[in-house]
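Visitor: I'm new to this one. Please pick a single part and take me through it closely.

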Amino acid sequence: MENQVLTPHVYWAQRHRELYLRVELSDVQNPAISITENVLHFKAQGHGAKGDNVYEFHLEFLDLVKPEEEERLNKLRLESEGSPETLTNLRKGYLFMYNLVQFLGFSWIFVNLTVRFCILGKESFYDTFHTVADMMYFCQMLAVVETINAAIGVTTSPVLPSLIQLLGRNFILFIIFGTMEEMQNKAVVFFVFYLWSAIEIFRYSFYMLTCIDMDWKVLTWLRYTLWIPLYPLGCLAEAVSVIQSIPIFNETGRFSFTLPYPVKIKVRFSFFLQIYLIMIFLGLYINFRHLYKQRRRRYGQKKKKIH
């Protein structure tokens, strides 16, 4: 039994002028691959069907291997289930699909709002929420994944800017718009949703192409430039929506509460909204600074060479 030769599973595939072999071993160590005349010799330590052992096989071809083909045939690829290449491909595939879904979602919102405005004009402002809210809910709930990706290291993005944007937008969407029907018919909803979607269709399309190693210079420039006017305008629209909601929350008393005895002071929700107004522009500063650093890293070196 000690001298028994263990043979791994070997998969064969070929095209007209190419030959592919896949050896089903994981955690491969010290692979020895050689070709003698018409025989391919393989031996390696790895984990296969019989556990962690030394596996080897000899594959005889029908004809002698030409010297110029030996190098190509010697590219026997060792497939490992947990190899870095496999994990990288899985990561890229996962991120590509995530960015694709977000791109399609925000594109639908952007196109829908644009077409409705072209047809109905200002009248389209007042039913924006009822028209695209479901898709916006979906996209913003899915945006939680983006923050998780940054937190666990799937992406290299810093967590804080992503978290600030996630919490800020979801507060506007779910609390300001979602819980107050009086806010859902206001024109500011159109501008908030339109600016959000305008920003994201370029951001997610850029990330999507990055996952497949494509660099479209026009899209790259738009991704690193459009945020300069759009982010401040988006924050301004969010601030307007908060300001417009304050009297409504005061009138309805929603989310307001009274402190217990002996204090018995009524704390209005509008008090927190006023604090949140300050936080909006603080978040804008943090994200603006982060995006500016990204743009400087991308285009800063070229500017230095010109001078």
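**A bent helix, and some rings**

Guide: Let's start with H3, which has a kink of about 40 degrees centred on Asp134 (the bend is the angle between axes fitted to the seven residues ending there and the seven starting there). This is a predicted model, where local features need pLDDT of at least 70 and side-chain atom pairs need 80 or more, while totals for chains, interfaces and linings use all residues. Numbering runs from 1 along each chain as its sequence is written, and side-chain values use heavy atoms, leaving out hydrogens and water.

Just past the end of H3 comes Gly153, with a positive phi of about 90 degrees.

Now for the rings: Phe110, Phe117, Phe125, Phe190, Phe191 and Tyr194 make up one aromatic cluster. The structure holds 27 aromatic pairs (Phe, Tyr or six-membered Trp ring centres within 6.5 Å; planes under 30 degrees apart are stacked, over 60 edge-to-face, the rest tilted). One of them joins Phe190 and Phe191 edge-to-face, with 5.4 Å between centres and 90 degrees between planes. Phe190 is buried, at 5% relative accessible area, whereas Phe191 is partly exposed, at 40% (buried is under 20%, exposed over 50%, partly exposed in between, using a 1.4 Å probe and protein chains only).

Conventions:
Helices (H or I, at least four residues) and strands (E, at least two) are DSSP runs, numbered from the N terminus.
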